[in-house]
Amino acid sequence: MLEIKDLNVFYGAIHALKGISLTVDEGELVSLIGANGAGKTTTLHTISGLLTAASGSITLDGKDLQKVAPNKIISMGLAHVPEGRHVFARMTVEENLRMGAYIIKDQKKISENLENVYSHFPRLKERSRQLAGTLSGGEQQMLATGRALMTNPKIVLMDEPSMGLSPLLVKEIFSIIQELHESGITILLVEQNAKMALAVSDRAYVLETGCISMSGKASELAEDDRVRKAYLGA
C-alpha cells in the first residue's frame, strides 16, 4: 500500500534521511522505532507532504505522493495523527472530529463516520460536548486518533501516541491501536516505546541517524540482542 524508495531529506545542510526504503502492506501494522533525532517524525512529515524530499519516491497504492499538497494526500486515503496530538483546545470533542472530515461533503457520511469513531472510543461519545482542551492526555490522544479516522483512511500514520502518558494510559492507548489494527486498519506507527510498539506490530524498521539499520518481523526484532540492548533496556 505504502512504498518508500531511497528517500533523502535535508534540513538545510543537515542530511536528515539518508536513502531510506520501507513498505507497508494493506492491513499491516508496521513500526518505525529509534532514538530521539533518528528521523522518525521527519519520515512521517515527508510522507504527509509537510516536508519535501530531495530525492527518492513515495507511493500510495502505486500513486506518487511527491509534489502533492498535504490536503490532497488526505483525500487520497492517508491520515496523520501528529506528535503532541494538536487537538483544537477551544472546540468540543465533536467539533474536533467533524474538522477531521472537512474533505467530506456528504453530511450523512460524516454522521456515519462519527458513529464509527464513537464505537472505537466510547469515552469520546460521553464527552462529545466537552472542550477538547479540558480532556486528559490519554483522551486527547483518542481524539486525535478519532479525528484521523473520520475520512475512512486507507492508512493511518501515528507519531508517538504514548508520549507524555502515564504507564496505565500507555497500555490503554496501545490496546486501542491493536484493536484498530485488528479491525483492518493499516497503520505506520512511530514510537519511542519500542517494547510496546514491537508487541503490537507485524513488522518493524529500526531508524538510526537517518538510516534504516535493521528490519524484519517485530517478534524477531524484539528478541535481537542489538535491539534489546539499544531500545528495550535488556
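Which residue in β8 is the bridge partner of Val-30? The partner is Leu-188. This pair belongs to a set of four bridges that join β3 (residues 29-33) to β8 (residues 186-190). The two strands run parallel. Helices (H or I, at least four residues) and strands (E, at least two) are DSSP runs, numbered from the N terminus. Two strands count as paired if DSSP finds at least two bridges between them.

The model is predicted: local features need pLDDT of at least 70, side-chain atom pairs count only at pLDDT 80 or more, and totals for chains, interfaces and linings use all residues. Residues are numbered from 1 along each chain as its sequence is written, and side-chain values use heavy atoms, with hydrogens and water left out.

The protein holds ten helices and ten strands. Its radius of gyration, taken over C-alpha atoms, is 17 Å, close to the 17 Å that the globule rule gives for 234 residues, so the protein is as compact as a globular protein of that length. The rule is 2.2 Å times the number of residues to the power 0.38. Along the principal axes, the C-alpha atoms fill a box of roughly 45 × 40 × 30 Å.

Strands of a sheet pair through backbone hydrogen bonds, either parallel or antiparallel. Axes are lines fitted to C-alpha atoms, for helices over the stretch in contact, and angles run from 0 to 180 degrees between N-to-C directions. Contact here means heavy atoms within 4.5 Å.

A four-stranded open sheet has the order β2-β1-β4-β5 and antiparallel pairing. Two bridges join β4 (residues 55-60) to β5. Thr-59 has Asp-64 as its bridge partner in β5. Helix α1 (residues 40-47) lies across β1 (2-11), β2 and β4, at about 110 degrees to β1.

A cavity is a set of points where a 1.4 Å probe fits but cannot get out; a pocket is an open set with protein on both sides within 12 Å along at least five of seven lines; lining residues have an atom within 4 Å of a point. Grid points are joined across faces, edges and corners, and a volume is the space filled by probe spheres set on the points.

The largest pocket has a volume of about 440 Å³. Of its 20 lining residues, Ile-74, His-80, Pro-82, Tyr-102 and Arg-147 lie nearest the centre. Elements α2 (70-75), β6, α3 (93-100) and α6 each give two or more residues to this lining. The lining has 13 nonpolar residues (Ala, Val, Leu, Ile, Met, Phe, Trp, Tyr, Cys and Pro), one charged (Asp, Glu, Lys and Arg) and six polar (the others, Gly among them).

The structure holds one cavity of 30 Å³ or more. About 40 Å³ of space lies in the largest cavity. Its lining comprises Phe-121, Gln-141, Met-142, Thr-145, Met-158, Ile-173, Ile-176 and Ile-177. Helices α6 and α7 each supply at least two of the lining residues. Six are nonpolar, two polar and none charged.
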